Amino acid sequence: MNPIKKTIKLADGREITLETGKLAKQADGAVELRMGNTMLLATVVSAKEAGEGVDFMPLQVEYKEKFSAAGRFPGGFMKREGRASDYEILTARLVDRVLRPLFPDNYHADTFVNIIMFSSDGVDMPDALAGLAASAAIAVSDVPFHGPISEVRVARVDGQFVINPTFEQVEKADIELMVGATYDNIMMVEGEMNEVSETELLEALKAAHEAIKAQCLVQEELAKEVGVVKREYCHEVNDEDLRKDIHDKCYDKAYAVAKAGCADKQWRNDQFQKIEEDYLETIPEEEREEKAPLVARYYHDVEKEAVRRCILDEGIRLDGRKTNEIRPIWCEVDYLPGPHGSAVFTRGETQSLATVTLGTKLDEKIVDDVLNQGKEHFLLHYNFPPFSTGEAKPQRGVGRREIGHGNLAHRALKRMFPDDFPYTCRVVSDILESNGSSSMATVCAGTLALLDAGVKMKKPVSGIAMGLITDYDSPKYAILSDILGDEDHLGDMDFKVTGTVDGITATQMDIKCDGLSYEILEKALNQAREGRMHILNIINQTIPAPREDYKPHVPRIETMIIPKEFIGAVIGPQGKVIQGIQEETGTIITIEEEGETGVVEVAAPNRDSIQAAIAKIKAITAQPEEGEIYTGKIVSILDFGAFVEFMPGRDGLLHISEISWDRLDNMEQSGLKEGDEVTVKLVEIDKKTGKFRLSMRALQPKPDGYVERERAPRPPRRDNNDRPPRRDNDRGPRRDNRDNRNHHDNRGPRRNNNNDEHHNE
């Protein structure tokens, strides 16, 4: 064993170490990354040959966090790690998006990259290290790759940019971005911001790229010391004569379709497909099946070139728009009667139907990831059914793409969600049509639906997707606003930006070309801002302000604060008290402890139910006061009086002498029964024992000439220490009480010594 180790120093003094040659040596490449107490292991394995007929890069990136890394048990019955969490999927997607464009175009072998977190102290964020670990594993392998790359998280904390900030620092940041890049070019950006300017975003990207450059150099040193030799491969068999023939016979036809400027996506697809089918007909039938895959590949390149040249040379886009022109938009709110808020947002051939549901704290999402535990009260889910693109295939659950697009829209909106909002809120975007940037349509539809639901957003948010077409042989380029699906597929950049009238709230960028300058990025950001403002104006015209009040079928929620010591009393043993209140009033009640208080939320379809529940809670948490009058229920009757529940959970003694001004010899004369409702006055609270003494006669007029009988003084209690010691030898024969029963037969009723101080005798 001959491990090789390299160290990367960050600006704040922390260190990242990369080590290879110790773990997972049967993988094509394996690197152990450590930063503080965080340790990741990244491996890469690539098949030696490509699968038959595969003409793309079959890359799969997996990121997994072990619960043991944080000294925790997994939840659930099985007590082992299960399917990937949303957080793990999002981290894997970030790595995939940087790696995938950098494999050779003609490399088609199945390739698997696995990153596993084996240790963490919850201080440093491991997802920011996953891209570096994965790239280092590929760098020390023989797998062909146009890298290395690295990823860092950049955050602005108190006005200063921090590379790979801690969990605590991210909480304070107003800019938080994940950036992936090679030494020369930025490849991927994703993150959220608190309404920052385009200039501030560019400054963050520059700070991140400088840190990435140093990490790329260290990987090159590591690979050189390992002595890596990349494998030879042959995954494509090409026919250059066929390639040239397709270009010569199909380019002009494809250019004509691109130049037609038809907004109908299906018409364009049919026309492009017809060109390919017509060419296939010119091939002898016995060769047609064999050459069909090559024809498809070469014709795709022709179509791509025709579309790009039409845009660069004549400024004509596929649907006839100018480069900065936004497709027609129509919006409608309150579209569905059932949801608490709804909206349709349609831009060209992309359409989102968004709904909003408002619930209580019981509807919050419980997050139980390895390093992240808590609750989320603002949720956004994105669905992309196959019919939205006219595909005839089944929908098999939520895919990684849907999780990624939903996360981007969630980040775009969450900073504009109102603080201290009493409801749990769920936004769902169902994409009904798609031809370019359905995630940005989700942001716009989500804003409209939230406003329709009466959510007092800080500011409306809009989003737009930008594209870029560059000329590989000249400095010519074109920045495209509101890109189509085909322009995304055939272009060099997919750049999504969301924001309010005052700044950017989220962004996602995938760059597929080399040498993209900051000058082009700045121009793209400014052009994106113009598009966002245009869309915001349409949103404001559709619904200029949030609905004044929630819709009638939205549950109402009211909040009250109670002392911490009363939380248990409101809940009751085994939850019986709070469950009883909910059943009696038809409400949903939640209680959370905050410091020295308890925050009680009461939700119900109508205000009367809420008020009834609040009254019951106030009765439980109210403090009894001497001299106050209460109406209570008799819970038990004894010889010397009755116990009355005058407040929920509080009983007091109503002595027989306090029932009436008349003398009562027994409780039967009072006429009181268990369950009777009586009005009493709290005449005394014993400060030592906390017991309550109640009176009914104090509320009755005192009879004329009534004389209160004096109570006989109680004899002083004899202390056992004053008694002389009793010796067993001095005692006479023990007296058997059973032999002297008759001696007690004439004693009369026995007094209850516990209450004789209250009895007038």
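**A closer look at the barrel**

Guide: Here 5 strands close into a barrel, in the order β25-β26-β27-β29-β28, and their pairing is mixed. Strands (E, at least two residues) and helices (H or I, at least four residues) are DSSP runs, numbered from the N terminus. Two strands pair if DSSP finds at least two bridges between them. Strands of a sheet pair through backbone hydrogen bonds, either parallel or antiparallel. In this sheet, neighbouring strands are turned by 50° against each other on average, direction ignored.

Before we go on, remember that this is a predicted model, where local features need pLDDT of at least 70 and side-chain atom pairs count only at pLDDT 80 or more, while totals for chains, interfaces and linings use all residues. Residues are numbered from 1 along each chain as its sequence is written, and side-chain values use heavy atoms, with hydrogens and water left out.

Strand β27 (residues 650-655) pairs with strand β29 (residues 692-695) in the parallel sense, over 2 bridges. Look for Leu653: its bridge partner in β29 is Arg693.

In an unreviewed entry, UniProt lists residues 627-697 as "domain: S1 motif"; its positions are given in the numbering used here, feature names are shortened, and annotations may be inferred rather than shown by experiment. The span 627-697 is 0% helix and 51% strand, and its end C-alpha atoms lie 13 Å apart.

Next, turn to a pair of helices. The axes of α13 (residues 576-585) and α14 (residues 607-621) come within 9 Å and cross at roughly 150°. Axes are lines fitted to C-alpha atoms, for helices over the stretch in contact, and angles run from 0 to 180 degrees between N-to-C directions. Therefore α13 is roughly antiparallel to α14, a label for angles over 145 degrees. The contact (heavy atoms within 4.5 Å) involves Val577, Ile581, Glu584 and Thr585 of α13. On the α14 side are Ser609, Ala612, Ala613, Lys616, Ile617 and Ile620. By class, this contact of α13 with α14 has 6 nonpolar, 2 polar and 2 charged residues. Ala, Val, Leu, Ile, Met, Phe, Trp, Tyr, Cys and Pro count as nonpolar, Asp, Glu, Lys and Arg as charged, and the others, Gly among them, as polar.

Key. Angles under 35 degrees count as roughly parallel, over 145 as roughly antiparallel, 65 to 115 as roughly perpendicular and the rest as oblique.
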